[in-house]
Amino acid sequence: MKLLCALAVLAVLVIPSLGDYARTVSYKGDIVLRCPDRTKSTVNVLRKHADVFHVGADQSIDLRLSQKSFESIERYFPECKVVIEDLEEHVRTSEERMVSSKEKLRAWAKQVMEEMVSEQGVGNHDEALSRLETKLLKDTWFEDYHDYSAIVQWYKEKAAEYPNLVTFVPSIGTTNEGRDMPAVHITAASKKGGAKIYLQSLVHAREWITGAVLMYSVDHLLTNYGKDPEVTKILDTAEIIAVPIVNPDGYSYTWTNDRLWRKNRVRTTSESDCVGVDINRNFPEGWSTDLSGKDVVGASSDPCKEDYRGLAPASEKEVNNIMAYFKLHTPIVGAIDIHSYGQLVLRPYGYINDPSTDESKLSALGEKLIEAMKKSTGQKYTSLLSYDLYQANGIASDWFYSEDAAKENKGIRAMGYTIELRDDGNNGFLLPASEIIATGQEFTAALKTFAKYATSNPIYLSSSSSSSHQRAGHQ
């Protein structure tokens, strides 16, 4: 009986409680609107009234706004339909799923405990506790989302479990609120200085699925090294570098205050009470103007907007940390910025309506990625030029590919992509944890394809002619 009680206590400690998550912000009175076949002029008008949640490959746009705002513009946009009538209820339903998931895990843990107590040869209490803790953590980790501290601890433990494959870096720099941005390196290559693949997630705080999927992919690489020839070859010949939480302050805030928070938590000006810069509009490439010198429409100069670009290119600590770390670990042949939602594979450029000089190669790789993702689970993704989806200035994937980055990347243009994970908008940023594994399988399939292609077909500045695109980011 004492052993059973001890095991019960362990189950409670290992499986997070709802107390790890709280919310102080209400979404009462807010709705989500979907407008089909939007034009850029339509988007610009709606942006004044709404938070753009998502733009789809079918050119539809999902917007969050108040019911009152919708009523004031409804007659001008009759084609727009309400897809979520009560955002507060929608978020509450997601929270209830979290509770239900944890209750199921506890029931499962109880069953495991009873089986362990009754089976022959359990051994001493310490052995039973250790076995249960290991089983609970491994068998249930991808059945739920995890907060900042838990994710950091998970990567630390992976480094301890796989010391010959994993190097954990506690911090590549800190945020405005003093949180560390950790990194992890995964390789079995005996020689230093080989080709590298760079990955990052949780740039936008509310996109929880991105951090979960990156952990799934890391776990897949580690557990399949030496077993799966494809994984083994990748890690024997290349290095995977991952920054799993690019926006620690914003991500932590989604667990304590506002589940749908997007930006970091910086207040840039005393003239406004609005908080936060969109990290993925703060990279130097294409930050301020397009090629004609016009002010950007793919990012906002208003601190109150969700796509606020900040006061200057790379003004944010998170962006500076990423850029410095990227340049420190060359040569990086490919980089993926993981986001949600929409099921899209996006390639440069986002800030200008002009394909890159390597469009044929990048387009072909995009098609390979969506093919691999579909083959893994049957889920359909769409490959596009970023600009063909919507104009976005100062984004990470454009900077990864930029001449500026290449000059300090041993003359290599990293193949820069943004991958938008599940779903198509039914759940949006509140993707159920039950879809972590399937989404992880899709991204992992794409990652393996990406790593093989990028390491075998690097793009050099000498073969990728410099273009006038590069000047736009520095005007």
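Guide: The chain has 2 disulfides, where a disulfide is a pair of cysteine sulfur atoms within 2.5 Å. In general terms, such a link is a covalent bond between the sulfur atoms of two cysteines. This is a predicted model, in which local features need pLDDT of at least 70 and side-chain atom pairs count only at pLDDT 80 or more, while totals for chains, interfaces and linings use all residues. Residues are numbered from 1 along each chain as its sequence is written, and side-chain values use heavy atoms, with hydrogens and water left out.

C35 lies in strand β1 (residues 30-35) and C80 in the loop between α3 (67-73) and β4 (81-84), so the pair ties together parts that are 45 residues apart in sequence. Helices (H or I, at least four residues) and strands (E, at least two) are DSSP runs, numbered from the N terminus. The angle about the S-S bond is 115°, and the link of C35 and C80 is right-handed. C35 has a relative accessible area of 1% and is buried. C80 also counts as buried, at 6% relative accessibility. Here buried means under 20% relative accessible area, exposed means over 50%, and partly exposed is in between (1.4 Å probe, protein chains only).

The strand that holds C35 belongs to an open sheet of 4 strands in the order β2-β3-β1-β4, with antiparallel pairing. Two strands pair if DSSP finds at least two bridges between them. The edge strands are β2 (51-55) and β4, each of which pairs on one side only. From one strand to the next, the twist averages 35°; axes are lines fitted to C-alpha atoms, for helices over the stretch in contact, and angles run from 0 to 180 degrees between N-to-C directions. Strand β1 is joined to β3 (residues 61-66) by 6 bridges, and the two run antiparallel. R34 stands opposite D62 in β3.

The other disulfide is formed by C274 and C304, whose sulfur atoms are 1.9 Å apart. The link of C274 and C304 is right-handed, with 85° about the S-S bond. C274 lies in the loop between α9 and α10, and C304 lies in the loop between α9 and α10, so the pair ties together parts that are 30 residues apart in sequence. C274 counts as partly exposed, at 25% relative accessibility, and C304 counts as partly exposed at 44%. When the bonded cysteines of the chain are numbered in sequence order, the pairing is 1-2, 3-4.

The loop between α9 (248-256) and α10 (317-328) also holds A314. A314 has a phi near 55°, a positive value in a residue other than glycine, and is buried, with a relative accessible area of 15%. Another such residue is K410, again with a positive phi near 55°. K410 is found in the loop between α14 (403-407) and β12 (412-413) and is exposed, with a relative accessible area of 53%.

Two peptide bonds also deserve a mention. S340 and Y341 are joined by a cis peptide bond, with omega about 10°, and Y341 lies in the loop between β9 (332-340) and β10 (344-347). P348 and Y349 are joined by a cis peptide bond as well, with omega about 5°; Y349 lies in the loop between β10 and α11 (359-377).

Leaving aside neighbours within four places in sequence, Y155 is in contact (heavy atoms within 4.5 Å) with F168, V184, L214, M215, V218 and P244.

For the whole chain, the secondary structure comes to 16 helices and 14 strands. Of the 475 residues, 59% count as buried.
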